[in-house]
Amino acid sequence: MINYPEAYKQYYLLRMKQREGNADYSNTYAAEKALFDIINSCTTLEAFKDKIGNTNEEVAMALVTDEQNIRLRHYEEIKETVKAACCRRILDKVKQCKNVSELVTMVNEEQNLSNIEITTDTIYPFADMLFLENMEIWEQAEVPAAYKERYAAYANEERANIEQAYAAIEKEMNNWQPGWKFNFEKIDEERHRRLLPYPNEVIAAQKQTTQQILNK
Amino acid sequence: MPVDKTIVDAMLGTFRNMLQDCRDKNLSGDDLDAMAAVLARMEQLGIEMDDTGAYSGMLVQEGLFMKFSDHYSKLLSVAAQEAGSVNAGVYDEAADKQLLQNTLHAYRDAVKRIKENKTQVKEMMGNHAADADVLFKDKIIMDAIEPLVALGESGVSYPEFLSQLIEKGLDKALEGPVVTGESLQYLLDAAKATAANPYSIKKEEEKLALHKKLAAASLVNVADNLQFQLGCEKIEWTYEPGARKWNKIKQGWEKTLFWLDEWVTAYCSFAPFIEPWAAAKDPKEAVKESQDCVPGKLRTWEKINYRYFELSAGDLFHHPSFAWDAAHHWMYWSQEYVEFLVNEVLPVCIPFQQPGANLIAVAEMMHTDNRKINPNIDQPSVRYAVFFDSYFGKDEFVKRYGRAEKVKSNAAAWTGVSF
């Protein structure tokens, strides 16, 4: 004859022990402990059912909180602010969720929003210096006078290429976020800046040249 | 005009099947209605819109994939709860057995779906169906699920079953095996065979090492998913700036070599009759432009690279990316030709100057003697074929993609870099 209350006590004890002493999962441990304390105080499953309330759901909320805190620390450490913002939003909203169903919907919605934010958090085509380099070569190359006019025309073609590249990215990004415009200030934000292997003065000059071409 | 039907079908096919599957199982309720409404919205947008990019953007903006999946999960969850509450309010042996059976059914269903997916993949792969056995790491998932099903069938109660899952670490095994050590080893071997740069190899080495470390810390040799995922992100984050700088400097010396070759070859007597000038409207004029203008372009390029990295045109060739490409046979030119270009042509490639007759003579001779091209230019492909065959079978690479043509060059093989 199986002693169900004892068997479930053992199960909830194991769940609690899994998180014991793990600072990363302190909320989950506390929620699991609350659950275990309830069943440990019951002699029948009926009594457990009466007392459990939403403690089981609170375990799910605590687990989401702990995992998002782990993610948040990671993204803060590597200064991935867009991804960190998603963790903060989820953490802000966890407590407002009345049940697991709402929790799952909220997390999915925030992750969907985050995916859009990550997609639109781009500094392309600035990151690709090719057009600017080509333009400089056509403009600055020391060549005989006979070629000057032709090279100036090539430089203008590169200017047009730059305008087209920025227009194309705006069109593409507007598919994901209506009203999206290229933001030059983003270039200096660390998550983007660290990927550009150029000195600050180069970035500043290229930014200025691009803005002049785009009249921005 | 609507979005191309084949694209809409590809994007919505899975969702249509999921909805139909729920209807076939006679599921009903608000969530099923909501799934149908979301799918109808996706179909409607496919008809109203004409641009594929705008269409997929709108699906994400409106959160339609997410909403559909959300209602689908809730529908299945409610159905599972209903199936498990035959004797609602009473917890006895019958209810316990029912709960256990529901859980085991879900696992068996998962095994079935994995097997079906693999079969579908194999069908799509046609003649190369055997590749799925190499790439599709379903065994490790089965290895995790099968003992679990066996445990459930051993006569234990539901709480005992759940307890043993934890004690034996099987709960973690179910969370973790999306990425396996085998698949990471495959990616590392592929990175080594490609040998694009040291970063691409280092990243895969560290991911595999991380996976091994996390798996070793687990009862059932399964890496913690979250730790592994974040660890991989950190590895990518760490190496990406270096990889980008590496590639940009590589672009610096590649373009420099390209122009040095163009310039000195433009002075060879046969220049108007070979590519790229022969293809020009007026080959002689095109040759003249190369002679007159390449030094100016090259020196502007040098200024750009100096501004970026404080490296002169000559310094670019001392960057490790150059030695790496030479050692891994990525170089198009032969060593003797590159040494000629860098040591002898580069110093005199100055605006409004010409190469000396001796340099032109050497360039003509190297061209005529067929000594300009790296004789081992096929080696990256050969190297990759060895890796490919080690996974997919002897000579499989050549059978599928053909043998890389051995270049006809009288140049000696690269032995090292000496600038």
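**Exercise 1.** Find the handedness of the crossing of H12(B) and H13(B), then work out how the two helices run relative to each other.

*Solution.* Keep in mind that this is a predicted model. Start with the handedness: H12(B) and H13(B) make a left-handed crossing. Next, take the geometry: their axes come within 9 Å and cross at roughly 160°. Angles over 145 degrees count as roughly antiparallel, so that's how H12(B) and H13(B) lie to each other.

Now see who meets whom. From H12(B), the residues include Gly252(B), Trp259(B) and Trp263(B), and the H13(B) side includes Val294(B), Leu298(B) and Trp301(B). Sorted by class, this contact has 11 nonpolar, five polar and four charged residues.

**Exercise 2.** Which element gives the most to the side of chain B that touches chain A?

*Solution.* First, get the overall count: 40 residues of chain B are in contact with 40 residues of chain A. Then list the elements that give two or more residues on the chain B side: helices H3, H4, H8, H12 and H13 of chain B. H13(B) gives the most, with 11 residues. By class, that side of chain B has 16 nonpolar, nine polar and 15 charged residues.

**Exercise 3.** Work out how domain 1 and domain 2 of chain A are placed and how they touch.

*Solution.* Chain A splits into domain 1 (4–120) and domain 2 (130–214). Over C-alpha atoms, their centres are 47 Å apart. Six residues from domain 1 and six from domain 2 make up the contact. On the domain 1 side, helix H6 (residues 100–120) of chain A gives the most, with three residues.

Conventions
Residues numbered from 1 in each chain as written. Chains lettered and ligands numbered in written order. Predicted model: local features only at pLDDT ≥ 70, side-chain atom pairs only at ≥ 80, totals over all residues. Contact = placed C-beta atoms within 7 Å. Helix = DSSP H or I, 4+ residues; strand = E, 2+ residues; numbered from the N terminus. Nonpolar A, V, L, I, M, F, W, Y, C, P; charged D, E, K, R; others polar. Domains from an automatic or database assignment. Axes fitted to C-alpha atoms, helices over the stretch in contact; angles between N-to-C directions. Parallel < 35°, antiparallel > 145°, perpendicular 65-115°, else oblique. Left-handed = near helix turned anticlockwise from the far one by under 90°.
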